[in-house]
Amino acid sequence: MSFELPDEYRELQEEAAALAATVDPYAAEADACNDVHPQTLAALRASRLSELTVPAEYGGRFDHVDPLAVAVVREVLMATSSHLDSLFALQGIGSNALAKAGQPALKETWLPPVAKTEALAALAITEPHAGSDVRGITTTVRSEGDSLVVTGEKSYISNAGAAAFYTVLAKEGDGFSTVLVPGDLPGITVTPAPELIAPHVLGDVRFDDVAISPDHRIGDPGDGMNLVLGTLAVFRVSVAGAAVGLAQAALAEAVRHTRSREQFGRPLLRHGPVAVMLADSWTEIEAARLLTYRAASRAKQDALGSLHHSSMAKLAATEMAARVVDRCVQVMGRWGLVHDSKIERLYRQARPMRIYEGASDVLRLGIAKALSLEEN
Ligand SMILES: Cc1cc2nc3c(=O)[nH]c(=O)nc-3n(C[C@H](O)[C@H](O)[C@H](O)COP(=O)(O)OP(=O)(O)OC[C@H]3O[C@@H](n4cnc5c(N)ncnc54)[C@H](O)[C@@H]3O)c2cc1C
C-alpha cells in the first residue's frame, strides 16, 4: 500500500507547475484583477489543463472528471496565483451539471469549448437573500409557449460578465431545476460585485424574463438540487487542494525569510517559538494534504456518497491554511505586512476559502448529520 500519488497524478502536477511558472511573473498583477487577466487566460488555454474539467467524450482527459486530478492541479496553481486557480476550477464547476445531465446537442455545443478554454463557464446559485440557505432562492424558470423563461437575480457569481454561459439553479413550481443560459442573451444584466479583500472575477447577474430553448434544460424538472449537490461533491474537495497549495506557498515564504533574517545573533528559524510555529504549520499541511487526497480518491469512486469526506477535507484544509498563513505573517514581522507581497496576498486569499463552496460552519452541520447517520 502506497500513500504516494500515482505517476499519472505526479505528471499532472508537473504540467501544472509548468503553467504556474509561466504565470508567476505576472501573478501579482493577475491576482489584483476583478476582470479576466488576458495573459493568464491565454496561458491556461495553452496548457490544455482545462481538459481535466470535462469528460473524455467531449474533449476531456478522463472518462469522468477526476476529483483527485483537479485537486492536485489546484494545489499547484493556487500556490502561484488565485486568479489562475479560479479560472481553471470554474471550467469544471460551471460545466459539471451539463456534463452529467445535459442533452447531447447542448453538451456538444459547450463542453469542447470549455475543455479548450475557449468558453468560460459559471455556476449561478447564490442570490442576494439566499447564500448558505440555497433552498431560499427565488429565481424562477417557467415554460412559456415554445420557450423556458428565467427570471431573477444571482449575486457573487464567479466569472460573471466573462462567462459564455451560466448554469442556473432556479425554482420551478415546488421544486428546483437547472438550466443553461448563454451569457449573451437579451435580458441579462451583469453588474460588478463589491471588490473583495482578495480580488476575484465576480458579479451580480440579473435575468429579466430571459427566454431559452427547452433543450437548454439540464436534467429533468426537479433535478436541480441534486445536480448542484453533485457538482459540489466533485469540486468541494478541490478547494481543499487549493488551500493546501496556498499554505505550502506561505510556509515557503516564511522559511525563506526566517532562515536568512537574524535577530539576537541567530536566524529567526532557530528561535524556539518561531521554529514551533513553522514545525506545526508543516505538520498541519501534511495532514491536510493526506486527508484531501484520500477524500478526492473517495469522491472519484462515489462523489455524492462521500460528500461528507469532501466537506471534512475542505473544512480541515481551509481552516489549516488560515492558521498557517497567519503564523507565517507573524514570523515575517513587518515584511509580512507589505501590501501585495506574496505573503500578504496569500493572507488575504486564504480568507474567502472558508466561506465559499460551503462556509465552515455550514459544513460542520452536514458532517455532524452524516455522523448521526453512519458509524464511521
Ligand atoms: C470569492 C467568492 C466566489 C463566489 N462564487 C460563487 C459562484 O460562482 N456561484 C455562486 O452561486 N455563489 C458564489 N459565491 C457565493 C458563496 O457561495 C456564498 O458566499 C456562500 O454560499 C455563503 O453564503 P453567504 O455569503 O450569503 O453567507 P450567509 O449564508 O449569509 O452566512 C453567513 C455566515 O453565517 C454562518 N451560517 C450561515 N448559515 C448557518 C447555519 N445554518 N449554521 C451555522 N452557521 C451558519 C456562516 O458562518 C456563514 O459564513 C462566491 C462567494 C465568494 C466570496
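Reply: A residue counts as buried if 20 or more other C-beta atoms lie within 10 Å of its own, as exposed if 12 or fewer do, and as partly exposed in between. The model is predicted. A loop residue gives a case to start with: N159 lies between strand 3 (147-158) and strand 4 (165-172). N159 has 27 other C-beta atoms within 10 Å, so N159 is buried. The phi angle of N159 is near 75°, which is a positive value in a residue other than glycine.

T117 can be described in the same terms. Its loop runs between helix 7 (104-115) and strand 1 (121-124). T117 has a phi near 55°, again positive in a residue that is not glycine. Around T117 there are 22 other C-beta atoms within 10 Å, so T117 is buried.

Helix 8 covers residues 224-260, helix 9 covers residues 272-301 and helix 10 covers residues 307-331.

Take helix 8 and helix 9 to begin with. Their axes come within 9 Å and cross at roughly 160°. Angles over 145 degrees count as roughly antiparallel, so helix 8 is roughly antiparallel to helix 9. The crossing of helix 8 with helix 9 is left-handed. On the helix 8 side, the residues that meet helix 9 include A233, V237, V244, A247, L251 and V255. On the helix 9 side, the contact residues include V274, L278, W282, I285, R289 and A299. Sorted by class, the contact of helix 8 with helix 9 has 17 nonpolar, 5 polar and 1 charged residues.

Helix 9 also packs against helix 10. Here the axes come within 9 Å and cross at roughly 160°. Helix 9 is therefore roughly antiparallel to helix 10. The crossing of helix 9 and helix 10 is left-handed. Their contact is made up of 16 nonpolar, 5 polar and 4 charged residues.

The remaining pairing is helix 8 with helix 10. These axes lie 8 Å apart, at an angle of about 20°. Angles under 35 degrees count as roughly parallel, so helix 8 and helix 10 are roughly parallel to each other. Helix 8 passes helix 10 in a left-handed crossing. By class, their contact holds 20 nonpolar, 4 polar and 3 charged residues.

In soluble globular proteins, nonpolar side chains tend to be buried together. In this model, the largest nonpolar core has 116 residues, and the members that touch the most others are V73, A243, L246, A247, A250 and V325. Helix 8 supplies the largest share of this core, with 17 residues.

Apart from neighbours within four places in sequence, Y347 is in contact with V325 and V329. Y347 belongs to helix 11 (residues 342-350). Because Y347 has 21 C-beta neighbours inside 10 Å, Y347 counts as buried. Y347 and R256 are 91 residues apart along the chain, and their C-alpha atoms are separated by 17 Å.

With residues up to four places away left out, V73 is in contact with L12, A16, L49, L52 and F88. L19 sits in helix 1 (residues 7-23), and the C-alpha atoms of L19 and L49 are 8.8 Å apart, with 30 residues separating them along the chain. L19 has 24 C-beta neighbours inside 10 Å and therefore counts as buried.

R206 lies in strand 7 (residues 202-212). With 16 C-beta neighbours inside 10 Å, R206 counts as partly exposed. Residues up to four places away aside, R206 touches E153 and T189. From R206 to T189 the distance is 5.0 Å, C-alpha to C-alpha, across 17 residues of sequence.

How values were computed
Residues are numbered from 1 along each chain as its sequence is written. This is a predicted model: local features need pLDDT of at least 70, side-chain atom pairs count only at pLDDT 80 or more; totals for chains, interfaces and linings use all residues. Axes are lines fitted to C-alpha atoms, for helices over the stretch in contact, and angles run from 0 to 180 degrees between N-to-C directions. Helices (H or I, at least four residues) and strands (E, at least two) are DSSP runs, numbered from the N terminus. Angles under 35 degrees count as roughly parallel, over 145 as roughly antiparallel, 65 to 115 as roughly perpendicular and the rest as oblique. A crossing is left-handed if the near helix is turned anticlockwise from the far one by less than a right angle, and right-handed if clockwise. Ala, Val, Leu, Ile, Met, Phe, Trp, Tyr, Cys and Pro count as nonpolar, Asp, Glu, Lys and Arg as charged, and the others, Gly among them, as polar. A nonpolar core is a set of buried Ala, Val, Leu, Ile, Met, Phe, Trp, Tyr and Cys residues joined through C-beta atoms within 7 Å. Two residues are in contact if their C-beta atoms, placed from the backbone, lie within 7 Å.
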